[in-house]
Amino acid sequence: MSVFVVSGPTGSGKTDFAFQISQAIQCPLINADAFQFYSELPIIGNQPTALASKIEWMGFRSIRSPLTAGDFSRLTLSRIEHSGLWVG
């Protein structure tokens with residue numbers, strides 16, 4: 001199992017960078033940006049529309065069903081057992 005993380009400020013290009021890395025190492029790309037979880041916040045969360053369908057947990061939840069820290073922890077624990085590149 002290998003886990004990689006790309007982090008940085010909003011608008012710094014980390015998603016495009018992480019996508020290129022994930023393609024090169026053949027590893028799934030997983031969103032870890034809280035605003036990008038919600039389908040109704042594409043502008044506020046700066047969701048990359050061209051890549052959204054290729055990134056796990058991108059716009060996968062409605063704002064009407066908030067994701068708590070506990071929810072995220074449970075999701076993460078179930079997902080981190082497998083290799084992945086996390087971006088957020």
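Arg61, Asp71 and Arg74 are linked in a network of salt bridges, where a salt bridge is a side-chain nitrogen of Lys or Arg within 4 Å of a carboxyl oxygen of Asp or Glu. The structure is a predicted model, in which local features need pLDDT of at least 70 and side-chain atom pairs count only at pLDDT 80 or more, while totals for chains, interfaces and linings use all residues. Residues are numbered from 1 along each chain as its sequence is written, and side-chain values use heavy atoms, with hydrogens and water left out.

**Salt bridges**

- Side chains of opposite charge can pair when their charged atoms come close.
- By the rule given above, the count comes to two salt bridges.
- In one of them, the side chains of Asp71 and Arg61 meet with an N to O distance of 3.7 Å.
- Asp71 lies in helix H2 and Arg61 in the loop between strand E3 (55–56) and H2, so this pair ties together parts that are ten residues apart in sequence; helices (H or I, at least four residues) and strands (E, at least two) are DSSP runs, numbered from the N terminus.
- Asp71 also forms a salt bridge with Arg74, and here the closest N and O atoms are 2.9 Å apart.
- Both Arg74 and Asp71 lie in helix H2, three residues apart, which is about one turn of the helix.
- Arg74 is exposed, with a relative accessible area of 55%, given that buried means under 20% relative accessible area, exposed over 50%, and partly exposed in between (1.4 Å probe, protein chains only).

**Nonpolar cores**

- The largest nonpolar core has ten residues, among them Val6, Phe19, Leu51, Met58 and Val87; such a core is a set of buried Ala, Val, Leu, Ile, Met, Phe, Trp, Tyr and Cys residues joined through side-chain atoms within 4.5 Å.
- Helix H1 (14–24) and strand E4 (84–87) each supply at least two residues of this core.
- Another core lies apart from it and has seven residues, including Phe37, Leu41, Trp57 and Trp86.

**An exposed loop residue**

- Gln26 is found in the loop between H1 and strand E2 (29–31), and Gln26 has a positive phi of about 50° although it is not a glycine.
- At 74% relative accessibility, Gln26 counts as exposed.

**Leu77 in helix H2**

- Leu77 has its place in helix H2 (residues 69–79), and at 55% relative accessibility Leu77 counts as exposed.
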